[in-house]
Amino acid sequence: MKKELYLVISGPSGVGKDTVASRLGGWISVSATTRPMRPGDEEGVTYFFHTREEFENMIAEGELLEYATYGGNYYGTPKTPAKEHAEKGDLVIFVIEVAGAAQVKKQFPEAVRIFLAPPSWEVLRERLEGRGTDSQEKIEERLMIARKEMEIGEREYEYVVVNDDLDTTIETIKNIIEKEKGR
C-alpha cells in the first residue's frame, strides 16, 4: 500500500512555489481565494475565486482545511478534494503561506513542510517587479511580509530549500519526498 504524503510548500511571494509544485508530479491542491483574478488566471485551475461573503460562509460551514488572510484577501484550502486524493495514495501538494501550513500540520502531523527561500533579497525584488502585476507599494508590502515568513520558515519547517536553480531545486525536493516516503 502506498504511503500517503502531504507536502506543504511555502515561501515568499515571487519565490517560485507554483512553478516548483507543478514539476513534482503530485496532485496540487487548488486553493480558494477572494483576491481578484489576474490576467492568465483560470477559475478552478489557478484558484477558486469567491466573494468575501462566499468565503466566510465556507469558513462557517467547516469546508476548509486551512485558511488565512494575506495581503487583505482570504486564501484557503478546500478540505474534501485533498482528503480524496490522499486516500487514493496521491502525493498531495499544498502551496500555501506559513499560517496555513501551521494549520495543516495540526490536522496532519505527518505533513512535510518545505520552505522555499529566494537566493537573495535582490533576486526576490527583481522577480516581484518582473511580474508587472503589483504597484511598488504592494511590492514593498510583499517584501515586508517575506521577511517575517523567512523567520518562520527557518525556525519551524522541516526543510528550507533555496530556489536558485530550478532544476536543482526540483531534484532536491524529489530527494526529500523519497526520503520521507521511506520513513
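Leaving out residues up to four places away in sequence, Thr-169 touches Val-20, Leu-116, Val-161, Val-162, Asn-163 and Asp-164, where contact means heavy atoms within 4.5 Å. The structure is a predicted model, in which local features need pLDDT of at least 70, side-chain atom pairs count only at pLDDT 80 or more, and totals for chains, interfaces and linings use all residues. Residues are numbered from 1 along each chain as its sequence is written, and side-chain values use heavy atoms, with hydrogens and water left out.

Thr-169 lies in helix α7; helices (H or I, at least four residues) and strands (E, at least two) are DSSP runs, numbered from the N terminus. Is Thr-169 buried or exposed? Its relative accessible area is 1%, so Thr-169 is buried; the terms are buried for under 20% relative accessible area, exposed for over 50% and partly exposed in between (1.4 Å probe, protein chains only). The side chains of Thr-169 and Asn-163 are joined by a polar contact of 3.0 Å. A polar contact is a pair of N or O atoms within 3.5 Å; within protein, one must be able to donate a hydrogen and the other to accept it, and residues adjacent in sequence count only if both atoms are side-chain atoms.

Two arginines come next. Arg-125 sits in helix α5 (residues 121-131) and counts as partly exposed because its relative accessibility is 30%. Its side chain makes a polar contact of 2.6 Å with the side chain of Glu-140. Arg-142 lies in helix α6 and is buried, with a relative accessible area of 10%. The side chain of Arg-142 makes a polar contact with that of Ser-13 (3.3 Å).

How much space lies in the largest pocket? The volume is about 840 Å³. On a 1 Å grid over the protein atoms alone, a pocket is an open set of points where a 1.4 Å probe fits, with protein on both sides within 12 Å along at least five of seven lines; lining residues have an atom within 4 Å of a point. Of the 32 lining residues, Lys-17, Asp-18, Tyr-47, Val-95 and Arg-131 are the closest to the pocket centre. Elements giving two or more residues to the lining are α1 (17-22), β5 (64-70), β6 (73-78) and α6 (136-156), and the largest share, five residues, comes from α1. Tyr-47 is found in the loop between β3 (32-33) and β4 (48-49) and is buried, with a relative accessible area of 18%.

Notes. Grid points are joined across faces, edges and corners, and a volume is the space filled by probe spheres set on the points.
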